Amino acid sequence: MALVEVKVPDIGDFKAVEVIELLVKAGDTVAVDQSLLTVESDKASMEIPSSHAGVVQSLKVKIGDKVAEGTLVLVLEAAVGAAVAAVIVTPVQASLAVVAPAAVAAIVSVAAPAPDLARGAAINVLVPDIGDLDEVAVIEVFVKPGDAVKVEQSLITVESDKASMEIPSSHAGVLKEIRVKVGDKVKRGSLIAVLQGAAGAAPAPLAAPAQAPTAVSGSLPHASPTIRRLARELGVPLAEVNGSGSKGRITQEDLQDFVKGVMAGAVQTAAQEARAPAAAAGAGFPGLLAWPQVDFAKFGPVERKDLSRIKKISGANLHRNWVLIPHVTNNDDADITELEAFRVATNKENEKSGVKVTMLAFVIKAVVSALRKFPDFNASLDGEQLVYKQYFNIGFAADTPNGLMVPVLRDVDKKGVLQISAEMGELAKKARDGKLGPADMTGGCISISSLGGIGGTHFTPIINAPEVAILGLSKSAWQPVWDGMAFQPRLMLPLSLSYDHRVIDGASAARFNAYLGQVLADFRRVLL
Ligand code: CAO
């Protein structure tokens with residue numbers, strides 16, 4: 001098998017371009033024309049393809065290296081039957097458009113004699129010589145009519161399969177007309193824009209002057225053509241993706257993470273954010289009145305404050321859940337007279353441990369028992385299927401200075417009330433300190449919202465999708481309860497169970513709540 005050295009081909013006037021991405025590694029099998037690495041200058045990034053098929057034996061460059069024509073890129077073990085005549089691969093592949101910065105400077109055709117430029121003559125800015133490329137797509141337009149354009153300011157970005165480049169203006173002036181739009185195909189000589197020469201601007205030569213590349217003035221995100229193409233296919237706004245590569249370059253992994261984040265609801269694109277207030281204003285619901293616009297200051301002094309980040313996130317989630325889930329709430333009361341006495345006694349016994357047990361910890365344990373008995377409550381809707389969970393993770397709403405958060409206690413079926421109390425204390429502290437991570441808030445089966453420490457009788461908690469139920473607890477109170485002979489003072493805990501009526505019938509919800517009440521009234525039922 002012959003070894004083939006692959007070197008950087010003729011890349012025009014580029015003297016030293018940086019390797020920003022390695023697309024293959026030793027051991028990879030590469031096909032003819034497959035991109036091997038991406039190099040980048042100030043104005044263009046391009047992929048260097050392989051002219052031979054074979055197996056990469058060793059890479060000779062690394063990210064950050066500066067390369068020029070003739071730099072050894074890698075050594076290939078050429079595939080059997082592959083043409084190996086050219087041991088050194090230097091010619092530019094037909095598909096590779098390597099554009100020298102000098103050539104990138106836009107050609108200027110001046111409608112009036114050059115001296116008129118200073119008096120504001122019209123200047124046609126054309127696509128310059130862009131190498132072997134027949135047609136390239138306009139992927140970004142940086143300017144609009146009325147913009148004052150400086151010499152060398154990037155006007156548009158064009159892109160082929162293998163390279164993307166910015167086309168700068170060689171003249172200063174005011175943009176009169178832009179003659180291209182995103183998606184247009186252009187080639188050498190296509191009219192990009194008409195400029196009105198700035199008064200006092202240096203008259204330009206009639207053909208493209210050789211210019212050294214300068215800093216990119218456009219807003220093009222730092223990414224290779226492949227990544228940009230992939231982003232366009234997926235509809236990802238690349239400008240919103242954080243790049244983790246060198247100099248903030250966006251890698252394929254960054255793009256994938258962004259898409260995953262959007263799909264999981266953890267990340268919102270600017271377009272989604274912009275739509276959210278419109279939906280709040282009724283715009284998302286045809287036929288509804290718009291949200292009332294009131295000048296509150298007309299009625300008295302006011303102060304405006306931005307919603308906290310957590311309020312924005314929890315608000316969007318609550319809104320979606322309220323609108324999309326058909327909620328019904330079943331209210332009941334549990335007799336916790338004996339359990340409260342036991343709780344008080346337990347806390348006395350454990351005074352020194354520092355762990356205080358509240359009613360919530362007992363309710364969490366009782367809910368596990370109810371979930372076992374009514375598995376529909378431990379399920380999630382997935383299209384036309386129900387996913388029944390075999391684990392018991394319970395979320396609890398925690399009130400924090402920044403807003404509502406729902407940390408999740410894991411595997412509560414395997415834990416005792418004391419351990420549940422201790423873990424709840426830790427998670428509630430983490431929530432209040434703003435230190436909960438995504439892993440602390442995912443994987444719940446059902447949530448509990450306890451307002452018992454504050455007050456109220458019953459309320460309507462909103463289900464935490466994709467869960468199908470949420471239990472609300474209000475403040476327990478002494479009530480006269482008829483025992484058949486007389487009224488007895490009993491400590492009653494209000495239970496408010498909101499459920500997704502697509503999954504749970506009203507009768508099941510009433511049974512769940514009644515069973516929960518029985519367990520709390522006599523905790524020995526947990527053992528059954
Ligand atoms: N009835 C009467 N008293 C109750 C009670 C109940 N159902 N539940 C708790 N209490 C008492 C506790 O025993 C404690 O009393 P002491 O101070 O005398 O010991 C006091 O109320 C405060 O309890 P707590 O709030 O510290 O502890 P908890 O375990 O009940 O709740 C937590 C923990 C994190 C859930 C809670 O602090 C919290 O943040 N609750 C708010 C949840 C919320 O905002 N829900 C709404 C979501 S929808 O917008």
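1. Is Asp-440 buried or exposed? In this predicted model, Asp-440 has a relative accessible area of 16% and is buried, because the cut-off for that class is under 20%. Its salt-bridge partner is Lys-430, with the closest N and O atoms 2.9 Å apart. The two residues lie 10 apart in the chain, Lys-430 in helix 8 (residues 417–432) and Asp-440 in the loop between helix 8 and strand 26. Lys-430 is partly exposed, at 32% relative accessibility.

2. A further salt bridge joins Asp-433 and Lys-429, where the closest N and O atoms are 2.6 Å apart. Lys-429 is exposed at 51% relative accessibility, and Asp-433 is partly exposed at 39%.

3. Asp-500 is buried, with a relative accessible area of 2%. The side chain of Asp-500 meets that of Arg-502 in a salt bridge, 2.7 Å from N to O. The structure holds 15 salt bridges.

4. Helix 9 (residues 506–521) has 16 residues and reaches 22 Å between its first and last C-alpha, close to the expected 22 Å. Its buried residues include Phe-512, Tyr-515, Leu-516 and Leu-520. Among the elements covering the buried residues of helix 9 are helix 6 (337–349), helix 7 (359–373) and strand 29 (487–500).

5. Overall, the protein has nine helices and 29 strands. Of its 528 residues, 43% count as buried. Of the contacts between residues at least 6 apart in sequence, 63% join residues at least 24 apart. Carbon and sulfur atoms account for 56% of the accessible surface of about 27,300 Å².

Technical notes. Residues are numbered from 1 along each chain as its sequence is written. This is a predicted model: local features need pLDDT of at least 70, side-chain atom pairs count only at pLDDT 80 or more; totals for chains, interfaces and linings use all residues. Side-chain values use heavy atoms; hydrogens and water are left out. Helices (H or I, at least four residues) and strands (E, at least two) are DSSP runs, numbered from the N terminus. The expected span of a helix is 1.5 Å times one less than its number of residues. Buried means under 20% relative accessible area, exposed over 50%, partly exposed in between (1.4 Å probe, protein chains only). Contact means heavy atoms within 4.5 Å. Accessible areas come from the Shrake-Rupley method with a 1.4 Å probe; for residues, only the protein chains shown count as cover. A salt bridge is a side-chain nitrogen of Lys or Arg within 4 Å of a carboxyl oxygen of Asp or Glu.
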